[in-house]
Amino acid sequence: MNLLELIKYRRSIRKYTEEPISRECLEQIIEAGIHAPNAGGGQRSMVVGIRDARLVEKIGRLNVACMDRSRLAGRFVSAEQPSIIDDPSIMSGFYGAPCVAVIFSQKNFYYAVPDAYCIATNMVLMATELGLGSCIVARGEQTFDNAEGERLLSEWNIPEDMVARCFVTLGYPLGEYPKPKPRKDSRTLIID
């Protein structure tokens, strides 16, 4: 499959089997991430991969606990792959994924958030190439803005000038792979 076909095929997966992904797959996905475009080539981000399913679940629960539903732009994401927006009974923002990558970038750096999401995009594309499911999850900073989150950051020796920006959940999709959603009209414009 060429790159455009891969991009069109990729879906956000929110239902996973319990089967762990290999360390080698995680390393390839992280490698793809750290080769993402970044402001000025400064490489001011870092990625922490977590394969301990219990720890992934614990952090996923911290992620849901910090969600402010009043700030949502929509109220429906997917019937096939429901999100915490669709189903408030979902207690983990990582949807049972056996693995997650946390993407950190420098605090107070103007391009920190775009850099982090470029990394996340490369990672989900690599995961798709490897036959894995993935989903980019927000609320990184808020997830660790509590005593337990701060303890984890300290335990991992995350530099104080770094902040979590987002996550990439990783695992084998459970059930049928989702079909594409039709693209909305009027989302592109080319001016010559």
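A residue is called buried here when its relative accessible area is under 20%, exposed when it is over 50%, and partly exposed in between (1.4 Å probe, protein chains only). By that scale Glu-27, at 43% relative accessibility, is partly exposed. The structure is a predicted model, in which local features need pLDDT of at least 70 and side-chain atom pairs count only at pLDDT 80 or more, while totals for chains, interfaces and linings use all residues. Residues are numbered from 1 along each chain as its sequence is written, and side-chain values use heavy atoms, with hydrogens and water left out.

Helices (H or I, at least four residues) and strands (E, at least two) are DSSP runs, numbered from the N terminus, and two strands count as paired if DSSP finds at least two bridges between them. Four strands build an open sheet in the order S1-S2-S4-S3, with antiparallel pairing. Strand S1 (45–50) and strand S3 (133–137) are the edge strands, and each has a single partner, so one side of each is left without a neighbour in the sheet. From one strand to the next the twist averages 20°; axes are lines fitted to C-alpha atoms, for helices over the stretch in contact, and angles run from 0 to 180 degrees between N-to-C directions. As background, strands of a sheet pair through backbone hydrogen bonds, either parallel or antiparallel.

The pairings can be followed across the sheet in order. S1 and S2 run antiparallel and are joined by six bridges, and Val-48 has Val-102 of S2 as its bridge partner. Next, strand S2 (residues 99–106) is connected to strand S4 (residues 162–171) by eight bridges, again antiparallel. Here Phe-104 stands opposite Ala-164 in S4. Finally, five bridges link S3 to S4, which also run antiparallel, and Ile-136 faces Val-168 of S4.

How much of these strands is covered? In S2, seven of the eight residues are buried, so this strand is largely enclosed by the rest of the structure. For S3, four of the five residues are buried, so S3 is likewise largely enclosed. Helix H3 (residues 53–65) lies across S1, S2, S3 and S4, running at about 120° to S1.

Ser-83 sits in the loop between H3 and S2 and, at 4% relative accessibility, counts as buried. Apart from its neighbours within four places in sequence, Ser-83 is in contact (heavy atoms within 4.5 Å) with Arg-14, Val-77, Ile-90 and Tyr-95. Ser-22 belongs to the loop between H1 and helix H2 (23–34) and is partly exposed, with a relative accessible area of 26%. Although Ser-22 and Cys-99 are 77 residues apart in sequence, their C-alpha atoms are 9.7 Å apart in space.

Charged side chains come next. A salt bridge is defined as a side-chain nitrogen of Lys or Arg within 4 Å of a carboxyl oxygen of Asp or Glu, and the count by this rule is seven. In helix H2, Glu-27 and Arg-23 are four residues apart, about one turn of the helix, and their side chains meet in a salt bridge at 3.2 Å, N to O. Arg-23 is exposed, with a relative accessible area of 53%.

Glu-148 is partly exposed at 24% relative accessibility, and Arg-151 is partly exposed at 36%. Both residues take part in a network of salt bridges that links Lys-58, Glu-148, Arg-151 and Glu-155. Another salt bridge joins the side chains of Lys-179 and Glu-176 (3.3 Å, N to O); Lys-179 is exposed at 52% relative accessible area, and Glu-176 is exposed at 64%.

The surface also has a nonpolar patch. Patches are made of residues with over 30% relative accessible area and no salt bridge, like charges being joined within 9 Å and nonpolar side chains (Val, Leu, Ile, Met, Phe, Trp, Tyr) within 5 Å. Leu-3, Leu-4 and Ile-7 form this one, with about 290 Å² of accessible area together, as given by the Shrake-Rupley method with a 1.4 Å probe, where for residues only the protein chains shown count as cover. Ile-7 lies in helix H1 (residues 3–9) and is partly exposed, at 42% relative accessible area.
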